[in-house]
Amino acid sequence: MNEFDLYVHPLADRLRPAQIDDVAGQDHLLGEGKPLRQAIDAGSVHSMIFWGPPGCGKTTLARIVATATDADLIAISAVLSGVADIRKAIDAARSNSVLGVRTILFVDEVHRFNKAQQDAFLPHVESGLVTFIGATTENPSFEVNNALLSRVKVYVLKALDEAALADVLRRAVADDDALADITISDAAIMHLARVADGDARRALNFLEIAAQLAVAGEVSLEAVQEASAQTLRRFDKGGDAFYDQISALHKSVRSSNPDAALYWFARMLDGGCDPRYLARRIVRMATEDVGTADPRALGITLDAWQAFERLGSPEGELALANAVVYLSCCPRSNAVYKGFSKAQRLAKESGSLDVPMHLRNAPTKLMKSLGHGKGYRYDHDHEGGVAPGQICFPEELGEQILYEPVERGMELRIAERLAEIRRLRQPG
């Protein structure tokens with residue numbers, strides 16, 4: 001008995017497509033006339049990286065490429081492998097080369113290899129000893145070093161939509177021997193397609209579990225609901241999905257769309273995001289996008305954060321939701337944000353300019369004798385509380401305008417007051 005006979009291959013592995021026409025989804029890459037499809041059909045492919053979410057077909061596509069090109073597929077996983085495994089793979093590729101056999105080196109989870117390990121592939125990809133195919137769920141721009149990235153073509157695979165997942169499930173019921181005696185309703189199929197969240201492997205795993213709950217050969221809707229209970233959406237904390245969703249939340253608030261903002265807020269919570277992270281980002285929205293157009297916004301977001309800390313989850317999440325809606329509906333201004341950015345650039349570009357003598361601190365007689373504070377005029381003693389002609393920037397810079405309030409919310413009044421201040425500040 002072969003040791004592999006002791007294992008029962010999961011349904012997802014048993015149903016892995018062997019031909020390109022059987023691949024679900026990815027029509028943007030595998031449709032007729034698409035460059036990747038043409039290369040595979042011609043049996044001549046280049047080094048590449050497949051980037052996409054789990055269960056979208058990256059490994060399957062690598063195997064199909066190897067079959068189409070009559071190549072020997074050597075597969076390693078960056079989760080389990082190291083430099084020694086890379087050397088073994090390269091030695092095997094050299095042996096294949098002697099025999100006139102092409103080698104495709106497939107590296108799953110390539111982003112988990114460090115820079116030195118990724119560099120180990122470079123000379124062999126460059127020489128053509130191997131055709132490199134990497135698979136990653138992470139953004140290659142950040143996780144694959146530039147030297148390797150410059151030698152490959154990146155193809156972006158998409159999560160499967162519900163229709164494609166439903167087709168995969170129906171094919172499984174029709175073609176897999178272990179499922180030959182079961183029936184399943186279309187409603188149950190669509191439920192599995194929906195909760196699988198774009199992941200074909202997850203959909204088939206749910207179906208396999210549900211099949212074990214079949215009664216008299218029928219897989220009911222209740223059975224698939226039980227099999228797929230307590231599933232989480234794609235989130236991948238720290239990865240692209242995470243940052244894309246927080247970006248969507250922030251931009252929905254900025255776009256005055258409380259409905260979309262609540263949706264993305266709920267999506268992130270559903271995906272397992274720490275509400276404290278969301279609380280911190282909500283405070284950031286108050287300072288970056290609302291600012292002095294509504295000075296209450298900062299206090300409201302801080303109060304919401306404190307309410308969450310006191311109530312915990314899930315009750316405290318409602319306080320954060322209130323803050324999200326308030327920010328989405330109140331007047332907004334990025335005038336302070338822009339003014340502060342200008343001030344930072346000016347400070348960096350102007351160097352260590354001296355503080356004007358009249359603005360310097362003079363707590364001792366010596367400092368007063370050196371001229372510290374000389375010429376300073378106490379603003380409260382002047383009309384409107386503003387000393388005319390008093391410059392507060394370094395002399396080399398002169399007066400600058402960095403903060404320009406917008407005509408929204410409280411900044412309407414601030415703009416009026418600031419115009420009066422700047423008038424009074426003019427030399428008499």
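I looked up the charges first: the mean positions of the 48 positive and 58 negative charges of the protein lie 10 Å apart. Lys and Arg count as positive, Asp and Glu as negative, while His and the chain ends are not counted. Each charge is placed at NZ of Lys, CZ of Arg, CG of Asp or CD of Glu.

I note that this is a predicted model, where local features need pLDDT of at least 70 and side-chain atom pairs count only at pLDDT 80 or more, while totals for chains, interfaces and linings use all residues. Residues are numbered from 1 along each chain as its sequence is written, and side-chain values use heavy atoms, with hydrogens and water left out.

Next I checked the fold. The protein has 21 helices and seven strands (DSSP runs numbered from the N terminus: helices are H or I, at least four residues; strands are E, at least two). The protein is more spread out than a compact globule, because its radius of gyration is 31 Å, well over the 22 Å that the globule rule gives for 428 residues. That radius is taken over C-alpha atoms, and the rule is 2.2 Å times the number of residues to the power 0.38. I read the span of the C-alpha trace along its principal axes as about 100 × 55 × 40 Å.

I then looked at burial: 42% of the 428 residues count as buried (under 20% relative accessible area; exposed is over 50%, partly exposed in between; 1.4 Å probe, protein chains only).

Last, I picked Leu318, which sits in helix 18 (residues 315-329). Leu318 counts as exposed because its relative accessibility is 57%. From Leu318 to Glu407 I found 89 residues in sequence and 32 Å in space, C-alpha to C-alpha.
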